[in-house]
Structure formats: structure tokens, C-alpha cells
Amino acid sequence: MTIQENFSLKNYNTFGVNVSATYFAEVSSVDELVEILKNDDFSTLPLLFLGGGSNILFTKDFDGLVIQLHLKGISEEIPDENSVLVTTKAGENWHEFVQFCLLKDYGGLENLSLIPGNVGTSPMQNIGAYGTEIKDTFVSCRVLNLENLEVEIFDKEKCRFGYRDSIFKQEGKGKYVILDVTFKLTSKNHTVRTDYGAIKSELEKLGIANPTIHEVSKAVINIRQSKLPDPKVTGNAGSFFKNPTIPLEQFVDVQKKFPEIANYPNGNMVKVPAGWLIEQCGWKGKQIGNVASHELQALVIVNKTGNASGKEIFDFSTMIIDSVKEKFGIDLEREVNII
Ligand code: EPU
């Protein structure tokens, strides 16, 4: 393991923001991780664990130690004739892992095709798309407790998954490093989930009535590629904000003025699409300096020129928050981690 000084993180965050870390280390095993955490030279420094860098915005240089988790490997266990338990180390790329499962004809993750990032960060925000979240197939994850450097197992209940949320973003924040994740997938008799409007229409377009898990994955890939910018081409971190959930009374007020507003009621609360709110405020496709709201999906902020600083992106997001608050009285919450 080598430790590098004044290391550029430009290629380690999907926004492509050019900041540096005072120290940077790539670890390939849990032993290496423990070794560096025990090293007195670094014990007083701020620490940052980096996966795929796909949900992070660096607003300044990181004055501490960045540890890139390069833990690789996938193993399988057969609990019964219909399912398979697949355990994946944290450093595996998420989409490559989904493709691996599809090659083996394992079902359950196909709706989550093409999500950027690594497996290790997927439980943190309970990644989700097109009617599925990882909590639907998640069994457990192994984590390293940073206080005592012991390995612990978190089952689904202990992870306390919510919409783009888990214990790792709440009271467990900064206390654990996720080492691997186990999913329970179907090995036969797959259940395909095609309720999400966009999947239905894409499958219709493809002329597919009874899709396989492979066809669902293809449909999801087509939708994502048509709407979401490829971070390899244009820096971005996917949805920058969460879809806000507001009280029913507040929603009814907003709906009086804007009857066309889409809504997903849940008890006394209603989830509304942030992309729509942002578009209504005139931000869709709008560029200021090096930063823009994506022209096909207003919820995604892009490093349009490739030269944006994290501060510029952050300030752009603040302008969006302010205008949504002014027009609709709704608070948008950032989904991306701000460092
Ligand atoms: N909409 C607009 N204008 C826009 C964008 C969206 O009016 O510019 C409207 C759409 O017409 C639709 C609604 O908003 O009625 C929802 O849009 P979409 O289906 O594109 O989904 P989303 O709610 O904007 C969420 C996730 C995405 C995920 C998609 C599909 C969040 C924060 N985002 O977006 O996740 O891919 O659903 O399931 O929940 C990510 O987290 O990085 C991400 C891309």
C-alpha cells in the first residue's frame, strides 16, 4: 500500500471537480485498511472513505487522509433451489455487479442497472430507481467499526433503510466502513417489476409484452441513457436533490395553484417530484458559468464545461433551493454528500 501526498481527486469524483487530498491511500484488503487506521501518523487526521465518488461534491481541498476502498471479489451461496445469496466486496463497480448477476440469470437487481458508483456505498443511501431499492434484495452487510476496528454484521433491520436513507447517513455516519454486501436474488421464477411508467412505455416501444430480467435491464439502460448524462462525458452525481415529502395540507395548497403537479401520496404526506419543481422555476437546461441543470432532467446538476469548482456547483444548488422555496414554499434537500 502506498500513501500519496497532495493527491488530485479529479478522477475520483464523478463531478470531476479538481480538488486535492493531503494524503491518499488505496487499500485492497481489510487487513490493509486496519493497518492504515492503526498508523499513528494519520490517527489525528480527518478521514474520508471513497467508493466510486458518484454521490459526493468536494467544495474544497480535503485536509486529511482519503482512503479509496479497492476491495474486490464476489462469492455465492445457494440457500434453496429458487434463490442465491451473492456477497460482493465494497470496491466492485455497481453496474458491473448487476451485469454479473444478469449473466448468471440471477434476478432482483435488473431495475438498478447503470447506477454509477460502487457496491459499498449502495446501502448508505439505499440506492433506488424504477420501482426498486436495494433494501428489496439486501440481506446484510459486513462493516468495520471505526471505534474498535472490529468487524460487525448489519442485517436489514439494523440498517434502517428509508428513501435514499439508512443508519449510515444518520447516527452511524462516520462510524463504520462497509466492507461487503450480501443480496438474496432469485435463481429461477423471477419476478419482474415493470410498474414504473417509464419502464412500461420503453418495453411497449421495444414491442415486449412479457419481459425477462434481461429485457427489463435493457429497458432501464435505454431510459437512463436517454435522460441522464454519462458522468464519463459530463461530470454529475445523478439526482442532486431528494424528491421532497410534504404534508398533505401543504400539497393541497400547492395543487390549487399548480393542478398538474405529479404526486405520490403516502399517508398524511405526499412526495412530489423535485425535477418538476425545478423545471417550473425555469432552471431546466439553464447554465451559469461552468454549471448547469441538465437539459433532459432538471434534478441533475452538471459540470457543463468540465471546469466547475465544487463551490460553484454548491452555489448553483443553493440558487435552485432558494427559487423552489420562493415559488412553492417547499424545501429541497440535497441528496449528494457535501464535503
Ligand atoms: N420531471 C419533470 N422535469 C424534470 C424531471 C422530472 O417534470 O426535469 C417529472 C417527470 O415528468 C415525472 C417526475 O418528475 O413526472 C419523476 O421523474 P423521473 O421518473 O425522471 O424520476 P425522478 O423522481 O426525477 C428518481 C430518482 C432517480 C431515479 C428515477 C427513476 C430521486 C432523488 N431520484 O428521479 O435516481 O433514476 O427516480 O426511478 O429519487 C439518483 O438518485 O441519482 C437518480 C438518478
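1. Helices here are DSSP runs of H or I with at least four residues, strands are runs of E with at least two, and both are numbered from the N terminus. On that basis the chain has 8 helices and 20 strands. With a radius of gyration of 21 Å against the 20 Å that the globule rule gives for 339 residues, the chain is as compact as a globular protein of that length. The radius is taken over C-alpha atoms, and the rule is 2.2 Å times the number of residues to the power 0.38.

2. Basis of the note. This is a predicted model, in which local features need pLDDT of at least 70 and side-chain atom pairs count only at pLDDT 80 or more, while totals for chains, interfaces and linings use all residues. Residues are numbered from 1 along each chain as its sequence is written, and side-chain values use heavy atoms, with hydrogens and water left out.

3. Overall dimensions and burial. The C-alpha trace spans about 60 × 55 × 35 Å along the principal axes of the chain. Buried means under 20% relative accessible area, exposed means over 50%, and partly exposed lies in between (1.4 Å probe, protein chains only). By this division 47% of the 339 residues count as buried.

4. Contacts along the chain. A contact means heavy atoms within 4.5 Å. Among contacts with a separation of 6 or more, 60% are between residues 24 or more positions apart.

5. Charge. There are 35 positive and 44 negative side chains, and the centres of the two sets are 6 Å apart. Lys and Arg count as positive and Asp and Glu as negative, with His and the chain ends not counted. Each charge is placed at NZ of Lys, CZ of Arg, CG of Asp or CD of Glu.

6. Cysteines. A disulfide is a pair of cysteine sulfur atoms within 2.5 Å, and the count by this rule is 0. Cys101 is in no disulfide, its nearest cysteine sulfur being that of Cys141 at 16 Å. Cys101 is buried, at 1% relative accessible area. The closest cysteine sulfur to that of Cys141 belongs to Cys159, and the 4.2 Å between them is too far for a bond. Cys141 also counts as buried, with a relative accessibility of 1%.

7. Positive phi. Most residues other than glycine have a negative phi. Asp105 has a positive phi, near 65°. Asp105 sits in the loop between helix H2 (94–103) and strand S8 (128–129) and is partly exposed, with a relative accessible area of 33%. Arg160 is not a glycine either, and its phi is positive at about 50°. The loop that holds Arg160 runs between helix H3 (156–159) and S12, and Arg160 is partly exposed at 47% relative accessibility.

8. Thr59 is in the loop between strand S4 (56–57) and strand S5 (62–69). Its C-alpha is 7.1 Å from that of Ser309, although the two are 250 residues apart along the chain. Leaving aside residues up to four places away in sequence, Thr59 touches Gly310, Lys311, Phe314, Ile338 and Ile339. Thr59 is partly exposed, with a relative accessible area of 24%.

9. Two buried residues. His294 lies in the loop between strand S18 (291–293) and strand S19 (300–303), and at 8% relative accessibility it counts as buried. Not counting residues up to four places away in sequence, the contacts of His294 are Lys227, Leu228, Pro229, Lys284, Gly285, Val300 and Val302. Ser323 belongs to helix H8 (residues 310–328).

10. Loops around H4. Asp195 is in the loop between strand S12 (176–186) and helix H4 (197–205). Asp195 is exposed, with a relative accessible area of 64%, and its C-alpha is 35 Å from that of Tyr12, 183 residues apart along the chain. Thr212 lies in the loop between H4 and helix H5 (213–227) and is partly exposed at 36% relative accessibility. Thr212 and Glu92 are 120 residues apart in sequence, with 25 Å between their C-alpha atoms.
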